[in-house]
Structures are given as C-alpha cells and as structure tokens.
Amino acid sequence: MKKPIIGLTPSHNTENDDISMRPTYIRALEAAGAIPFILPLELEQEDLKTLSNLCQGFLFTGGADPHPFLWGEETHKNCGPISVKRDQMELALLSIAMEQKKPILGICRGAQILNIGLGGDIYQDISSQYRSAFPIAHSQPMHHIHPSHHVDVKKDTLLASFGDDTTIQVNSCHHQAIRKLAPGLIAGGVAPDGIIEEIELPGYPFLIGVQWHPEYLWERDQAARNLFLGFVNACKVIL
C-alpha cells in the first residue's frame with residue numbers, strides 16, 4: 001500500500017543557523033505507516049507551495065518559543081529563545097496546508113503555533129502567569145519516556161476517539177501554554193490544573209495540537225500510538 005508523505009517543520013538553532021530534527025518524530029511516523037519529509041526553513045512562498053503539494057499531511061514539531069509580537073505582546077522576562085525564520089515559515093505553511101485541507105498535527109510548540117496562527121494566544125511563562133492550588137510540573141523532572149500528569153479528555157472529541165478512557169497519561173516539557181483559544185478551535189483535553197493540553201478544529205479533516213510529546217510515548221502508550229495512527233490514516237485519504 002502506498003504510504004503518505006508527512007512534511008515536518010524542523011528546529012532552528014539561531015546561534016549557528018543550523019536546522020535539526022529529533023529522530024523520535026521520524027520513528028513515530030514511520031511506525032504509523034508514513035514517510036517523513038523534513039521541510040527547509042527558508043523558501044519563497046511559491047516554492048513552499050510546491051513542496052506542500054508533495055505532502056499529504058504536516059507535523060508542526062516542538063522547539064523554541066514563538067515570538068510574542070505574533071499576538072501583540074511585549075516580551076516577558078521569562079520568554080525563551082525565538083526563531084523569526086521558523087515562525088514565518090510555519091505560519092505560511094499553516095495557511096497553505098489549511099487552504100489545501102490537508103491533515104495537521106501540532107506537538108508542543110506546534111500546538112501553540114496552530115493556535116496563534118488561527119488567532120489565539122499563549123502564556124509566555126506558565127509559572128509566572130498562571131496560578132493553581134497544586135502547581136503541576138509542566139516541565140517534568142523525569143525523562144520524557146515517562147508520563148508526569150494526566151489529561152482530562154472531553155467526550156465526543158477527536159482526542160476521545162484515540163482511547164477508551166476519560167483521562168490519559170502524558171509527559172510534559174514546556175513552560176508556555178495555550179491561553180485564549182483561536183476562533184473555531186475547541187479544547188479536547190485539559191490538565192488537572194486547568195491548562196489546555198489539546199486543541200482541535202471541528203469540521204476540518206484533521207487538525208489537532210497536543211501540548212505533550214507523544215513521540216516519546218507511542219511505543220508504550222496506546223493513546224499516543226493511536227494519535228499517530230489516526231493522523232497518518234487521515235493523510236492516507238489524500239493519496
């Protein structure tokens with residue numbers, strides 16, 4: 001059977017201008033039956049469209065903080081490194097992908113970029129901008145192959161279709177998080193402290209953003225595996 005090609009957005013090291021890709025994303029997509037394709041950062045709009053035509057879906061990966069100017073804020077003192085090149089490329093790609101009605105999966109930063117690109121915003125720093133009675137370790141002290149907190153899954157969402165439980169175990173490696181949802185998006189999963197952990201777009205073929213890193217969990221966790229399988233199966237429809 002023909003495999004779908006998934007375009008991945010790379011990380012950008014602004015100190016040496018290198019781009020990179022963690023193999024965990026590639027392995028998860030390959031195991032789900034897809035061919036991963038790492039996209040370049042610096043392309044003209046028409047060239048990006050040409051490359052996007054080769055792909056049946058897109059994975060917006062984790063990485064550096066989005067620039068706060070994207071949603072009209074000044075830079076918070078706890079904001080981390082940013083990449084303007086990556087921000088520009090990913091927002092352009094999101095527009096192209098949605099125009100083509102192709103499946104989209106965002107992970108960590110990727111989920112935040114989806115929300116920002118569609119008109120929402122994010123907390124620049126959870127620890128100083130969000131308060132809860134029991135502060136959850138959203139930047140966990142253990143390795144990412146281990147879950148660190150639960151996510152409450154809302155009924156009748158795409159996220160709910162990936163498992164039988166109303167809660168799932170997730171890992172956590174972020175200091176920023178979605179604050180105001182973009183128009184049209186819903187929160188399908190929320191952490192016990194109220195932080196939005198999953199977003200999706202009802203009525204779109206497949207658009208999901210997760211705040212955790214399922215690419216570290218899929219070998220041991222059925223819900224993480226089903227997320228990648230669901231994404232790749234949606235991409236197969238485009239073939």
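How many nonpolar, polar and charged residues does the lining of the largest cavity have by class? The lining has 10 nonpolar, two polar and two charged residues, where Ala, Val, Leu, Ile, Met, Phe, Trp, Tyr, Cys and Pro count as nonpolar, Asp, Glu, Lys and Arg as charged, and the others, Gly among them, as polar. This is a predicted model, in which local features need pLDDT of at least 70 and side-chain atom pairs count only at pLDDT 80 or more, while totals for chains, interfaces and linings use all residues. Residues are numbered from 1 along each chain as its sequence is written, and side-chain values use heavy atoms, with hydrogens and water left out.

**Cavity**

- The structure holds one cavity of 30 Å³ or more, a cavity being a set of points on a 1 Å grid over the protein atoms alone where a 1.4 Å probe fits but cannot get out.
- The volume of the largest cavity is about 110 Å³, taken as the space filled by probe spheres set on the points.
- Lining residues, which have an atom within 4 Å of a point, number 14 for the largest cavity, and those closest to its centre are L159, F162, I168, W212 and A223.
- Two or more lining residues come from each of β9 (167-170) and α6 (222-236), and α6 gives the most, with three residues; helices (H or I, at least four residues) and strands (E, at least two) are DSSP runs, numbered from the N terminus.

**Packing of α2 and α3**

- Helix α2 (residues 45-52) packs against helix α3 (residues 84-99) at an angle of about 55°, with their axes 10 Å apart, which makes α2 oblique to α3.
- Angles run from 0 to 180 degrees between N-to-C directions, and axes are lines fitted to C-alpha atoms, for helices over the stretch in contact; angles under 35 degrees count as roughly parallel, over 145 as roughly antiparallel, 65 to 115 as roughly perpendicular and the rest as oblique.
- On the α2 side Q45, L48, K49 and S52 meet M89, A92, L93 and I96 in α3, contact meaning heavy atoms within 4.5 Å.
- The residues of this contact divide into five nonpolar, two polar and one charged.

**Packing of α3 and α4**

- The axes of α3 and helix α4 (residues 109-117) cross at roughly 65° and come within 10 Å.
- R86, D87, E90, L91 and L94 of α3 make the contact with R109, I113, L114 and G117 of α4, and the residues of this contact divide into four nonpolar, one polar and four charged.

Definitions and conventions: 1 Å grid on protein atoms, 1.4 Å probe; cavity = no way out; pocket = protein on both sides within 12 Å on 5 of 7 lines; lining within 4 Å.
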